[in-house]
Amino acid sequence: MFLFALSVEPLIRMAHRNLNSDARTISPLFTSRVYADDIVFLLRDVEECATLSRILEIYSAASGAQINARKSFLLPLGSWPDRHTFNDIITVRQGKILGMTVCGSFDEMIEVNWTKTTALTRAALFQQIYRNLNLFEKRKGGLQLIAVKEKCQALITRNILREDSEEKAINGQRLLGATNSTIAQQKIPATEVYTKFMAINKSYPPELITSDTKQQTKLIYKHIMKNNFQSPRITEQFPYQRWHKIWHNIHLANIPTAWQTTVYCYINHIIPTEERKHRHHLTDSPACKTCGYLETLKHRITNCGTAKTTWDGAKHLLQQIWPTSQLNDKHQTLLLVDRPTENAVFIKVWLAAGFLHYQLTASVHTMEEFLKMLATERHKFEQKCNAMNNQNLQQLKSLHL
């Protein structure tokens, strides 16, 4: 990259000298900006296109470098003629320069970049809604992500437990900001904060204190998370559901990640419906904007407009692989991801997860698109297995799509 910067320096100097030749210019204008291997030229009129073309020809002849027309574009600004061409480079209405989308007008540029920024912010906030749920273990209804605060506490605890008893007070004083070497060499009385911290450490089981260093942090972290654990709110609202089975099914291997995420949000009732938004005073009515009925999750999945077609189709597909199933069995499998039997578990959960994902993400529901989505994911799974004798793959092949 340094060699490239040195080699491109003559091009930038030539452009700066020849594109600022107007004698009326009091100070040099902005003509070019370079970042890594990206170069941006700003031309004030059509005549400067010919000047820049000659500069590029001279530079190419001297260095052997050529413009990559496929990665270059011409962006008209203000009253610049849209039909003007330059060295067979395409003309666009907007393009990304140094990470920002640049448009032909300021109003359009602000609108495009602001829309993107707000969308990313909204997505980040939505993820934070169920961030705490994700910290739980998978068998308890979470995605088992790392809790940063508790992990740091476990690392600090491990380091303190490794010190001798006479050095604990000194280490505690260091944690509170003492850096003077003469103070560190003395035995300093433990402060109130450090005393409380050590009191917490003494509550740990003896095996955590004497365990191997490599496993000690992990054991301390699990102990902290166990003490801080709170059941997901959904399990308290519906205590009679078989939650251990539902959490197990959501995290079955080879279920597409996008499906798992959608099902996880659905099971925890954190998908925004009109009824949910109305309860939080975010909308004027709890009625569905498509059909006018009360919009709950069940309504969106089974009864709303075109969703009823794929709901009936999913029950028909489940009948293929489970001929003896009753209506209640189909509802429990497709709506709760909780299969009542232990036969062909994977394909039942796979079908239920795919059905819920499609119903909650598609704007218009058709049986053709639903079957196409299932066939695509089955094909991806076949490629992943690479002709191995996989029992789950054999179950999927038995499903006629």
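**Start at Thr333**

Select Thr333: apart from neighbours within four places in sequence, Thr333 is in contact (heavy atoms within 4.5 Å) with Leu318, Trp322, Asp338, Arg339, Pro340, Lys348 and Ala352. Thr333 sits in helix H17, residues 327–336. Helices here are DSSP runs of H or I with at least four residues, strands are runs of E with at least two, and both are numbered from the N terminus. Thr333 has 1% relative accessibility, so Thr333 counts as buried; buried means under 20% relative accessible area, exposed over 50%, and partly exposed in between, with a 1.4 Å probe and protein chains only.

A word on what you're looking at: this is a predicted model, where local features need pLDDT of at least 70 and side-chain atom pairs count only at pLDDT 80 or more, while totals for chains, interfaces and linings use all residues. Residues are numbered from 1 along each chain as its sequence is written, and side-chain values use heavy atoms, leaving out hydrogens and water.

**Hop to Gln395**

Now pick Gln395, in helix H20 (residues 391–397). Gln395 is buried too, at a relative accessible area of 15%. Leaving aside neighbours within four places in sequence, Gln395 touches Ala344, Val345, Phe346 and Ile347.

**Two helix pairs**

Next, show helix H13 (residues 257–267) and helix H18 (residues 345–361): they pack at about 75 degrees, with axes 9 Å apart. Axes are lines fitted to C-alpha atoms, for helices over the stretch in contact, and angles run from 0 to 180 degrees between N-to-C directions. H13 and H18 are therefore roughly perpendicular; angles under 35 degrees count as roughly parallel, over 145 as roughly antiparallel, 65 to 115 as roughly perpendicular, and the rest as oblique.

Then switch to H16 (residues 307–321) and H19 (residues 367–385), packed at about 45 degrees with axes 9 Å apart. That angle makes H16 oblique to H19. Where do they touch? On H16, select Thr309, Thr310, Gly313, Ala314 and Leu317; on H19, select Met367, Phe370, Leu371 and Leu374.

**Zoom out**

Finally, show everything: the protein has 20 helices and four strands. Of its 401 residues, 36% are buried. Among contacts between residues at least 6 apart in sequence, 52% join residues at least 24 apart.
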